[in-house]
Amino acid sequence: MTVLAHLLLCVLAFACLALAMPRHQAAVFGKGLSRAASRSLRGAGWAGLIATLWLTIAARGCSLGLVYYSGCASLAAGIVFCSLVAHERPSA
Amino acid sequence: MGLLGARIVVAIFGGYALSALASVAALALPLPTSQAVITGMLASFLVYAGIVVWAFLARSGRGARQSMSGLHTWAGLLAGWLLYAMFLTGTVSYFRDEISQWMRPEIAHRQTPPDPAAVAQRIADTLRIEAAGSPQWSMQLPTARSNVASVFWRLADAAPGQDAYETATLDPDTGRKLAARDTLGGDFFYLFHFQFYYLPIVWGRWLAGLCAMFMLAAIVSGVIVHKKIFVDFFTFRRGKGQRSWLDAHNALAVFGLPFHLMITYSGLAMLMTLYMPWGAMQAMKTPAQQQALNAQLYEFIQPGAPSHVKAPLARIDAMVRQAQARWGRQDVLRVTIANPGDANARVAVARADSARVSMSPQYLLFDGATGELIQAQDRVGAAAETRGVLYALHMGRFGDASLRWIYFIVSLAGTAMVGTGLVLWVVKRRRKLSDPERPHWGFHLVERLNIAAIAGLSIAMTAYLWANRLLPLATPHRAAAEVEVFFAAWCAALVHAVLRPARRAGIELLWLAAAAMALLPALNALTTRRPFWHSVATHDWVYAGFDLTMWAFAALHAMFAICAARHRPGPQAMRAPRVLEQESQAR
C-alpha cells in the first residue's frame, strides 16, 4: 500500500510540474496562468518530489528506498504524460 | 558513407582496445589487487562509451548535436532489432519464475515455500546417485516464487566441445526428477535475453554485450541530441506523423532514463569478466589469486584438487540450518558442492538475493567431509560490492511483488522506446523517398524487419506458450521442441512481412498476436485443470495474474492494430521538425 501512496505523491508532484509549463496550461485551462502561479506550481512539484524521496527512504531504508523511488517517479511521469494525452484528445 | 564506416570501425574496435587498456591501467590504483581489477572492468565500459562519442564528434565539421544524431541513428539501427528482442524477453524475465510455474501446470500452487534445509538434503541424496563422479554440484532451492529446485553438475569427463554441464529440474518434496512436462519455462526468455539461442553461449554473450554497448552509445548520444529535454517534458503532439512518433520516443526515453542507464550499464557489468578479462589476466596469475578474485564475484566455489581419499558427504541440512540461523529461514538460495564424496569436499551455502539490494557473494564455506564451518564470507571489497549492487539492480529480485511490477512496466516502456525508435527511422525516411511506390532496398529491408522484429516477436513468444500446452507430453526433446516453435513462428512472421504489403502485414500480424494472446487463457482452461475461475477461487495469483496479463497484452496489441489501420499519412504529417531536417541536410 505504501507503494501506491508514494506513487500518488509522485503523480501529484509531476502534475504540478506539468501545469507549471505554458504549453500544458493552455491545454488544460485554455489560457496561461500568471507567472506567480506557475512559479508556485513548479515549487510545489519539486518540493513534492523531494518530500516523496525522503518518505520512501524513511519507509524502506536507503538502498531499497532509492530503487522504489526511481521506479515510482518513472511510472508517475508516464501516468501524468498519458493523462495529458488523454485530456488533449479532441472529443470526437 | 566511407567516413561513416571508418567512424563506426574506430568506435567499435578502437574503443574496445582503449577501454581494455584502461581496464589494465586501473591496476595501478592504490587498491587491493582484486578490487583494482574489478574497478578497471567497471570503469572500462564508461571509457568505451566516451571513446565512441568522441569518434563521432572528432573532425566531423558539423555541430555536436548533428554528430550525435548520426551516432544515435546508426547505433540504434544496427543493434535495434536485437535490442528490441533483448528488451522484451528481459522484461518478461522479471516474471521468469512465474512463467515457469505457468508452464508446469502439473506442479500445484504453493502458498509457502518448503524448508530449504530439508530440500537441500533431499537434492544432495539424489545427486549422489544421478551425478556420481561429478566434481561440482550446484542447486538452487525453491523460493516463495519458484516451486522447483534447479540443479546442474559438471560432467567429470566431458570431451572438448561438448556441454560441460548437465542440468535438471527436481521436485523439492521428493528430490526426484520432476513429474511435469519437459520445458525450459521462463528460463528460455531469460537465457535468450543475454545469450540468444542456437549460437555458442560465448558468442551469444559477446553479441549481447556489443548490443548493450550500442545501447549505451545510443543513450548518451540521445540525451545530447535531445537538448529540449525539459521544455518538451510531457509533450505529445497527436496526429502529426513523425513528430508524434518522436514525442513518444522522447517521452519513453526520458521518463525511464534512470532505468535505461542502469539496465544497460549493469548488464555490461554482469558479464564484465567475459568482456574485459585483461586486467585479471595481467594481475591474477596464480590459481590462488584467481580464486581470490572469484570469491569477490561469485558464490560458486571452484573444485580444488581432490585428495582421492573417499569420505562420505556430511549432512547438508545441518549446514543449511547454520546459514538459516545466520540470515533467516528463507534467506538461503544456493548450495554448491565441490568434490563431493572426497575427503577434500567443500560446501558453500549462499545467501538469497531477495532481501538485499546486492548480489555480491555472501556464503558459508563448510568442510564437506566433517561438516565444519571453514569460513564465513559476509562482505566483499568496495568495488566488488558495487558490482553486486549493479547485478541486483538489473535482476530486480529483491523487494516485493509491487516492485516487480514497477520493474516490468518501466522495462516495457524501454522496449517501447526501442520499438518507437525503429519505427521512427522508417517514418522519417518515408517522407524523403523520391518514389514512395518503389522505395530503395534499404528502406524496404528496414521496414519489413521492423514488422517482423516487433509484431513477429509478440507472435513468437505467444507461440512458445501455445506450444507448451499443445505439444504432446511424450514428444522427444520436448523442451527444445517448444523453442523450435518459437523460432518457426518468428520466421513465419518474417516471411509474412516480406510477402504482404508492409502496412497490411503489420496490421495482420498485430491482430494475430492479439488473438493468440486473448485465446491463451481459454487454451489453458481447456488443457489444464487450472482455468481462470478456479485460479481466482483458490487465490492462485500466479495463474490468475498470468491470464489477466495475457488479456491486457491482447488489448494492447489490438489497440496498436486499430491505430495502425486508422492512420493515414496526411499532409500535416509531412512537416518535419527542424532538428531532423537539419540533420538530413547535413548528411
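Residues are numbered from 1 along each chain as its sequence is written, and chains are lettered from A and ligands numbered from 1 in the order in which they are written. In this predicted model local features need pLDDT of at least 70, side-chain atom pairs count only at pLDDT 80 or more, and totals for chains, interfaces and linings use all residues; side-chain values use heavy atoms, with hydrogens and water left out.

Start with chain A. Its secondary structure comes to four helices and zero strands. Helices (H or I, at least four residues) and strands (E, at least two) are DSSP runs, numbered from the N terminus. From the N terminus on, the elements of chain A read α-α-α-α. The C-alpha trace of chain A spans about 45 × 35 × 15 Å along its principal axes.

Now the interface. On the chain B side, 25 residues are in contact (heavy atoms within 4.5 Å) with 24 residues of chain A. The size of an interface is often given as the accessible area lost when the parts come together. Here the area buried between chain B and chain A is about 2,000 Å². Buried area is the accessible area (1.4 Å probe) that two parts lose on being put together, summed over both. Carbon and sulfur atoms give 72% of that area. Three residue pairs, both at pLDDT 80 or more, are in polar contact between chain B and chain A. A polar contact is a pair of N or O atoms within 3.5 Å; within protein, one must be able to donate a hydrogen and the other to accept it, and residues adjacent in sequence count only if both atoms are side-chain atoms. The count of salt bridges between chain B and chain A is zero. A salt bridge is a side-chain nitrogen of Lys or Arg within 4 Å of a carboxyl oxygen of Asp or Glu.

Which elements of chain B give two or more residues to the side that touches chain A? They are helix H8 (242–255) and helix H15 (401–430) of chain B. H15(B) gives the largest share, six residues. By class, this side of chain B has 16 nonpolar, four polar and five charged residues. Ala, Val, Leu, Ile, Met, Phe, Trp, Tyr, Cys and Pro count as nonpolar, Asp, Glu, Lys and Arg as charged, and the others, Gly among them, as polar.

Over all chains, the structure holds 18 salt bridges. One joins the side chains of B:Asp187 and B:Arg96 (2.9 Å, N to O). This pair links distant parts of the chain, 91 residues apart: B:Asp187 lies in helix H6 (residues 187–195) of chain B and B:Arg96 in helix H4 (residues 96–103) of chain B.

Turn to the sheet. Chain B has an open sheet of seven strands in the order S3-S2-S1-S4-S5-S6-S7, with antiparallel pairing. Two strands pair if DSSP finds at least two bridges between them. Strand S3 (165–170) and strand S7 (373–377) of chain B stand at the edges with a single partner strand each, so one side of each has no neighbour in the sheet.

Follow some pairings. Strand S2 (residues 149–154) of chain B pairs with S3(B) over six bridges, in the antiparallel sense. There, B:Arg154 has B:Tyr165 in S3(B) as its bridge partner. Strand S4 (residues 332–338) and strand S5 (residues 346–351) of chain B also pair in the antiparallel sense, over six bridges. B:Ala338 has its bridge partner, B:Arg346, in S5(B). S5(B) and strand S6 (residues 363–367) of chain B form an antiparallel pair over five bridges. B:Ala350 stands opposite B:Tyr363 in S6(B).
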